[in-house]
Amino acid sequence: MNDAGEPAYRARQVLRHLWQKPAPDFEAMSDVPRELRQRLASAFVLPRLSIDTDRISADGTRKFLFRLADGQAIETVAIPDGKRVTLCISSQAGCALQCAFCATGAMGFARNLEAFEIAGQVRELALLDPPIRPTNIVFMGMGEPLMNWRAVDTTLTILNAPDGFGLGARHITVSTVGVLPGIEALARRPEQFRLAISVHAPSDALRRTLMPVNVKYPLAAVIEAAKRFERRVTFEYVMLGGVNDALEHAIALGRLAKECGAFVNLIPLHPGGAGSFTRSSPAAMRRFTAELKRARIEVAVRKSRGLDIAAACGQLRAERLRRRPPVGAQQHGDVQVA
Ligand code: SAH
């Protein structure tokens with residue numbers, strides 16, 4: 001702003017209209033002098049993402065499909081839960097990882113999103129009337145955030161900075177299959193951003209069959225990285241009937257969780273994924289949970305959300321579930337997803 005011959009507070013004023021009190025365009029920044037608004041509009045583009053679909057579930061979960069300038073479509077989910085609103089955002093259009101049960105994987109990879117397209121999902125929802133202002137943001141939409149670190153790194157700054165969106169780092173969770181260089185990059189950030197790891201199987205042999213990425217980043221190396229991560233880590237574990245839900249899996253998972261002091265989130269399989277998997281039975285879920293508790297692991301079973309609106313959709317992790325916080329785990333209450 002100095003170079004433009006404007007006082008410094010003007011820059012803050014304009015910034016406020018990007019994130020805190022978002023304006024749809026420069027023209028709408030009514031506390032900025034008209035002449036400056038015009039100069040800004042001719043020098044800069046304030047990109048928008050267009051909402052293609054906006055669906056609301058009976059349980060209040062709301063799913064948006066955004067259309068990007070090149071025609072790519074990405075999904076964002078808003079999950080209200082009492083006073084909390086969790087936004088589940090996408091970091092890539094499609095995904096290269098091909099996890100066996102995941103609909104995005106089945107679509108294949110299209111491209112990385114730019115920071116403005118990732119943070120833009122949050123901005124667009126804040127521009128709605130009435131606005132959606134999240135208390136938590138999770139990178140659990142489409143894509144692998146740690147394979148798009150450059151843009152995710154910038155987005156984390158925008159979402160957390162006091163002059164940006166201003167959301168506390170502990171309310172922002174990056175979820176990964178275990179991309180090691182990305183975990184290290186996230187660990188190097190001084191803020192308390194949270195890390196969630198999609199474990200889904202407690203042995204290499206089984207994990208390889210569900211997550212091809214396990215060949216490149218084997219479980220033991222991912223667990224080592226989780227141990228080195230100084231903040232609390234969450235394990236995500238999608239419960240697949242007859243595949244990874246036996247007692248022996250629970251025992252092995254418990255050992256891994258203990259090694260890195262992880263919190264375990266058990267996720268009922270969301271229908272509409274890929275492959276021919278079925279959900280674990282309630283009895284298998286109970287047995288699995290009981291074993292983890294017996295091993296003194298903090299565990300929560302997520303509740304599926306938005307089942308009715310996700311059904312028809314390519315991916316929609318509308319199940320960005322609500323977890324029931326276990327007693328005594330309040331301090332981690334914002335780690336878990338949604
Ligand atoms: N690539 C990152 C983030 C996106 S996926 C990651 O894998 O962590 C977010 C979570 O949804 C992951 O744990 C993923 O395994 C899980 N998921 C994918 N398909 C699912 C389905 N059909 N039901 C339940 N969870 C699913």
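Predicted model: local features only at pLDDT ≥ 70, side-chain atom pairs only at ≥ 80, totals over all residues.
## Aromatic pairs

Let's start with the rings. There are three aromatic pairs in the structure. One of them joins Phe64 and Phe66: their ring centres sit 6.3 Å apart and the planes meet at 20°, so this pair counts as stacked. Both of these residues, Phe64 and Phe66, are buried.

Another pair is made by Phe101 and Phe277. Here the ring centres are 6.5 Å apart and the planes stand at 75°, which is over the 60 degrees cut-off, so the pair is edge-to-face.

## A link across the chain

How about their surroundings? Phe101 has a relative accessible area of 11%, so it is buried. Phe277 comes out at 24%, so it is partly exposed.

## Helices H4 and H5

Now for a pair of helices. H4 covers residues 115–126 and H5 covers residues 149–160. They pack at an angle of about 35°, and their axes are 8 Å apart. The crossing of H4 past H5 is right-handed.

Which residues in H4 and H5 meet? From H4 come Ala115, Ile118, Ala119 and Val122, while H5 brings Ala151, Val152, Thr154, Thr155, Ile158 and Leu159. Sorted by type, the residues of this contact are eight nonpolar and two polar, with no charged ones.

Terms used. Residues numbered from 1 in each chain as written. Heavy atoms only, no water. Phe/Tyr/Trp six-rings, centres within 6.5 Å; stacked < 30°, edge-to-face > 60°. Buried < 20%, exposed > 50% of the residue type's maximum accessible area, 1.4 Å probe, protein only. Axes fitted to C-alpha atoms, helices over the stretch in contact; angles between N-to-C directions. Helix = DSSP H or I, 4+ residues; strand = E, 2+ residues; numbered from the N terminus. Left-handed = near helix turned anticlockwise from the far one by under 90°. Contact = heavy atoms within 4.5 Å. Nonpolar A, V, L, I, M, F, W, Y, C, P; charged D, E, K, R; others polar.
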